[in-house]
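Please open the structure in your viewer and keep the selection tool at hand.

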Number of protein chains: 2
Amino acid sequence: MKKIYLYDTTLRDGAQTEGISYSVNDKILIAKKLDELGMDFIEGGWPGSNPKDLEFFKKIKSVKFKNSKIVAFGSTRRKNKRASSDPILKALVESKVKHVTIFGKSWDLHVRDVLKVALKDNLEMITDTIRFLRSKNITVFFDAEHFFDGYKHNPEYALDTIIAAQEAGAQSIILCDTNGGTLTSQIIKIIGEVTPHIRKNLGIHVHNDAGMAVANTIAAVEAGCTHVQGTINGYGERCGNADLCAVIACLKLKLNINCISDRNLRELTEVSRYVSEVSNMKHLDNQPFVGNSAFAHKAGVHINAMLKNTFTYEHIKPDRVGNKRRFLASELSGKTSILFKAKELSFDLNKDDRHTKNLHKLIQRLEYEGYQFEAAQASFELLIKKALKKYKKFFELDGFRVIVEKRQDDTLISEATVKIKVNNISEHTAAEGDGPVNALDSALRKALQDFYPTLGKMHLSDFKVRVLDSKAGTAAKVRVFIESQDEKSSWWTVGVSENIIEASWQALVDSIEYKLLKEKEADKN
Amino acid sequence: MKKIYLYDTTLRDGAQTEGISYSVNDKILIAKKLDELGMDFIEGGWPGSNPKDLEFFKKIKSVKFKNSKIVAFGSTRRKNKRASSDPILKALVESKVKHVTIFGKSWDLHVRDVLKVALKDNLEMITDTIRFLRSKNITVFFDAEHFFDGYKHNPEYALDTIIAAQEAGAQSIILCDTNGGTLTSQIIKIIGEVTPHIRKNLGIHVHNDAGMAVANTIAAVEAGCTHVQGTINGYGERCGNADLCAVIACLKLKLNINCISDRNLRELTEVSRYVSEVSNMKHLDNQPFVGNSAFAHKAGVHINAMLKNTFTYEHIKPDRVGNKRRFLASELSGKTSILFKAKELSFDLNKDDRHTKNLHKLIQRLEYEGYQFEAAQASFELLIKKALKKYKKFFELDGFRVIVEKRQDDTLISEATVKIKVNNISEHTAAEGDGPVNALDSALRKALQDFYPTLGKMHLSDFKVRVLDSKAGTAAKVRVFIESQDEKSSWWTVGVSENIIEASWQALVDSIEYKLLKEKEADKN
């Protein structure tokens with residue numbers, strides 16, 4: 001079995017995503033996670049381009065890696081400099097890394113219009129740069145920028161650039177589809193024509209502008225590439241890079257290439273989520289292999305078949321990549337998924353049960369009003385338990401009030417008062433907060449704290465708002481999702497109202513009730 | 001040039017997306033939009049499976065389409081029924097459509113484990129069903145469900161199923177990768193082996209579970225398929241179907257297949273956004289061709305090159321698909337993008353200008369605090385104008401107060417008071433609203449209305465909240481984006497605070513200031 005080298009550029013190319021802005025600490029956290037996953041190479045950044053990346057390379061030296069080598073990125077020397085006095089190359093050498101990726105121009109258009117040098121000068125820039133770094137005992141990967149576009153326009157010249165890199169001592173030659181517009185058939189054809197000329201490792205680096213980055217990467221491996229570049233979750237400028245999560249899963253599970261261990265593959269979903277968390281990006285539900293919906297079944301006929309044989313509507317077993325199968329509660333899937341969920345909660349219902357019918361109707365009505373339980377399973381569980389009268393209230397609300405005030409001197413005050421009853425004992429209390437939901441959350445916990453001390457161990461970890469009918473403007477209904485977590489798990493709850501405070505309140509209350517119920521049931525067992 | 005038939009299944013397969021739930025009216029709106037785009041076939045739903053789809057087929061009869069034919073979806077007859085008395089087929093005939101898609105089993109595993117019939121009985125079910133519909137003069141498309149998985153396990157039987165459909169009179173045979181796990185190389189190989197046996201149109205229908213749906217669809221067309229199924233934005237169960245936006249753009253711009261007109265292609269981005277709006281799904285920024293970031297440049301070196309030649313980092317011209325090029329303001333791209341934006345606003349700055357340096361520092365500080373201007377260009381423009389002292393305040397705030405109260409009887413009240421000054425004339429007013437932001441918005445407009453009557457013509461159209469440091473729970477900083485629109489355009493503004501009301505206030509104020517400034521500048525010209 002041939003060895004495939006995994007090369008991650010989340011910290012460099014991924015950082016170009018609209019909306020992503022990594023701190024040095026973010027980058028270190030991600031690098032450690034990628035090392036755990038078993039990445040061969042981690043491109044940390046471009047030490048010549050900004051102070052943040054310089055600092056990263058300083059700090060990363062003190063981090064020990066089990067699997068990964070840190071790589072610095074840079075360009076070929078400037079046209080009017082000698083390699084030895086070029087500031088970019090100097091920064092690379094000073095970063096003290098042992099592996100450097102140099103990108104150089106393979107498309108004559110770029111040489112003429114961007115570098116504005118003669119075609120042969122660009123070849124010399126490639127040669128000088130690589131030779132210089134080799135003289136410092138640095139391993140060099142050559143990113144042939146725009147190789148495929150260059151090859152389409154001027155195949156001889158594109159080939160000349162990578163042959164120059166090969167002769168100068170690059171360890172791997174990476175063919176880049178920088179603009180991401182190349183079709184799979186062209187990738188296969190061009191790699192086939194290039195292979196006879198290259199005796200070094202061939203690599204692939206593609207962008208997703210035509211929606212083909214993963215397919216193009218896998219096709220390139222089938223065509224002979226042994227070095228694979230991409231980013232976690234496909235982050236990257238414009239439409240992103242090849243998503244390494246999908247690439248790794250395909251290499252392992254479709255091509256049987258042992259690029260990471262089976263055990264590490266089971267961490268894939270967690271790594272993907274972790275990187276999205278640190279990147280402050282929404283984790284996409286429909287992301288292949290690792291998305292929350294990747295193995296979620298909604299169609300009634302699919303769920304029925306899955307209950308007979310899980311192979312019927314799953315291309316792989318979800319636990320191989322650390323993901324989970326889910327059956328969704330929805331009006332389309334009908335009663336089957338309600339029964340399934342009820343069964344998970346140890347209620348034995350059947351299809352024609354009066355309870356099942358009532359639950360089904362209730363859920364349809366709530367979904368019509370804007371609730372969504374697919375992404376708020378904790379609220380869904382509470383709903384089932386309440387409908388089946390398997391739920392005893394932990395407290396009653398007598399009322400709340402929230403005030404936010406901004407004064408002329410710019411002071412901002414958020415205060416909430418909450419009046420509740422537990423076992424007929426009243427509690428009326430108030431709290432300030434950093435905002436109205438926080439004040440409300442604090443006041444509610446304060447009121448409940450003496451009755452339920454374990455609430456001190458949970459906290460809200462995410463908060464989402466969606467305007468349901470945008471045409472109604474600020475008067476529109478909003479749906480609020482709240483994620484809470486304690487030391488053991490996390491759970492999502494939902495609230496819907498035209499009032500964001502009320503919607504948040506519903507989700508807050510569900511969240512607290514879910515926690516208390518969980519404790520109570522754990523105590524029983 | 002060969003004719004390629006575009007077949008959209010957003011309304012049926014797309015409706016299986018986690019989070020999507022179409023009303024009958026939503027479906028009609030989408031169908032009309034798809035017709036405008038030039039779709040050949042629109043699969044409206046499965047009239048046998050639920051009352052909503054039945055109603056859709058009733059209502060759609062009165063809608064006139066220019067380009068599209070409406071198709072109903074259904075399965076082969078049940079194992080123990082005759083075709084003529086099968087309720088599913090009856091519902092199809094009664095829907096009065098002229099085109100029907102029948103899905104049948106091509107994978108022996110499904111025949112055995114799900115249908116639980118003998119392999120030859122399944123062939124008869126396919127034959128009977130198609131013959132029956134043909135006898136009613138209905139054109140039949142045969143979706144060979146799980147064809148590729150079936151072919152991998154039992155090629156002879158998979159072939160038998162589609163030959164049965166061909167002999168029974170199906171007009172097109174659609175090869176489905178239902179579980180979405182087939183690699184492009186396998187798609188190409190299998191279609192090559194199937195082609196000699198089929199004289200009808202071959203079609204392709206693939207899911208995206210391995211991240212290859214678009215590439216697999218295009219590869220199938222290159223291998224000879226002439227009927228292409230997919231969904232707008234790739235909606236669909238699990239990881240979705242092939243994204244028809246990318247497929248259409250690739251067919252037109254990469255393979256020069258004239259599946260829709262050039263003019264209609266320029267509506268592609270709008271259609272994609274419209275469908276996401278009706279579907280109540282976030283429009284993905286990085287979606288190929290039509291995403292907001294699809295032609296957004298952030299890396300400094302890319303922006304520099306783009307200013308020399310736009311061909312350098314774009315695989316197609318964005319206006320061909322109705323999208324736009326953008327240069328992003330960000331700490332990474334540095335001063336170039338600030339200069340570029342300033343130029344758009346007709347300010348001639350240069351790199352070493354004191355203003356440029358100050359602006360650059362200011363933006364870096366604000367981004368550090370959590371602001372993001374990439375997605376809030378209206379706030380960014382205001383920021384530049386304010387920094388360059390090209391902005392005169394329209395009003396001053398003396399203070400606001402927002403109260404949300406929930407009483408024991410469940411009544412909920414939101415009230416805001418606002419005190420402002422315009423040209424030293426004070427206005428102190430109050431308004432109720434459906435929620436705190438709505439009350440604040442109403443009170444602010446009410447206070448400004450007499451001074452600026454055109455504010456009556458704008459309204460808020462979207463509202464997003466993101467928790468910036470989720471570890472801080474409800475006390476975390478939140479970033480609010482508000483989209484506003486008037487009859488001419490829409491614009492996004494941003495606010496950041498630990499207090500959601502204050503963050504909303506900032507975005508609201510920016511939104512109103514942007515509108516007033518726009519009017520003022522239009523008056524000048």
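Patches are made of residues with over 30% relative accessible area and no salt bridge, with like charges joined within 9 Å and nonpolar side chains (Val, Leu, Ile, Met, Phe, Trp, Tyr) joined within 5 Å. The model is predicted: local features need pLDDT of at least 70 and side-chain atom pairs count only at pLDDT 80 or more, whereas totals for chains, interfaces and linings use all residues. Residues are numbered from 1 along each chain as its sequence is written, chains are lettered from A and ligands numbered from 1 in the order in which they are written, and side-chain values use heavy atoms, with hydrogens and water left out.

**Chain A as a whole**

Select chain A, which holds 18 helices and 16 strands; helices (H or I, at least four residues) and strands (E, at least two) are DSSP runs, numbered from the N terminus. Along the principal axes, its C-alpha atoms fill a box of roughly 85 × 65 × 45 Å. Of the 525 residues in chain A, 63% are buried, where buried means under 20% relative accessible area, exposed over 50%, and partly exposed in between (1.4 Å probe, protein chains only). Chain A exposes about 20400 Å², and carbon and sulfur atoms supply 47% of that area; accessible areas come from the Shrake-Rupley method with a 1.4 Å probe. Among contacts in chain A with a separation of 6 or more, 66% are between residues 24 or more positions apart; a contact means heavy atoms within 4.5 Å.

**The positive patch**

Next, select A:Lys58, A:Lys61, A:Lys96 and A:Lys98, which form a positive surface patch. Lys and Arg count as positive and Asp and Glu as negative, while His and the chain ends are not counted. A:Lys98 lies in the loop between helix H3 (87-94) and strand E4 (99-105) of chain A, and A:Lys98 is exposed, at a relative accessible area of 58%.

**Salt bridges in chain A**

A salt bridge is a side-chain nitrogen of Lys or Arg within 4 Å of a carboxyl oxygen of Asp or Glu. By this rule there are 57 salt bridges over all chains. Select A:Arg199 and A:Glu167, a salt bridge whose closest N and O atoms are 3.7 Å apart. This pair links distant parts of the chain, 32 residues apart: A:Arg199 is in the loop between helix H8 (184-194) and strand E7 (201-206), and A:Glu167 is in helix H7 (residues 155-168). A:Arg199 is exposed, at 60% relative accessibility. Then select A:Asp486, A:Lys515, A:Lys518 and A:Glu519, which are linked in a network of salt bridges.

**Into chain B**

Move to B:Glu43 and B:Arg12, whose side chains meet in a salt bridge (2.7 Å, N to O). The two are 31 residues apart and link distant parts of the chain, with B:Glu43 in strand E2 (residues 41-45) and B:Arg12 in the loop between E1 and H1.

B:Thr10 lies in the loop between strand E1 (5-8) and helix H1 (24-37) of chain B. B:Thr10 is buried, at 0% relative accessibility. Leaving aside neighbours within four places in sequence, B:Thr10 is in contact with B:Ala15, B:Tyr22, B:Gly230, B:Thr231, B:Ile232, B:Tyr235 and B:Val275.

Finally, select B:Arg325 and B:Glu314, a salt bridge with its closest N and O atoms 2.7 Å apart. B:Arg325 is partly exposed at 33% relative accessibility, whereas B:Glu314 is buried at 4%.

Notes: Charge placed at Lys NZ, Arg CZ, Asp CG, Glu CD.
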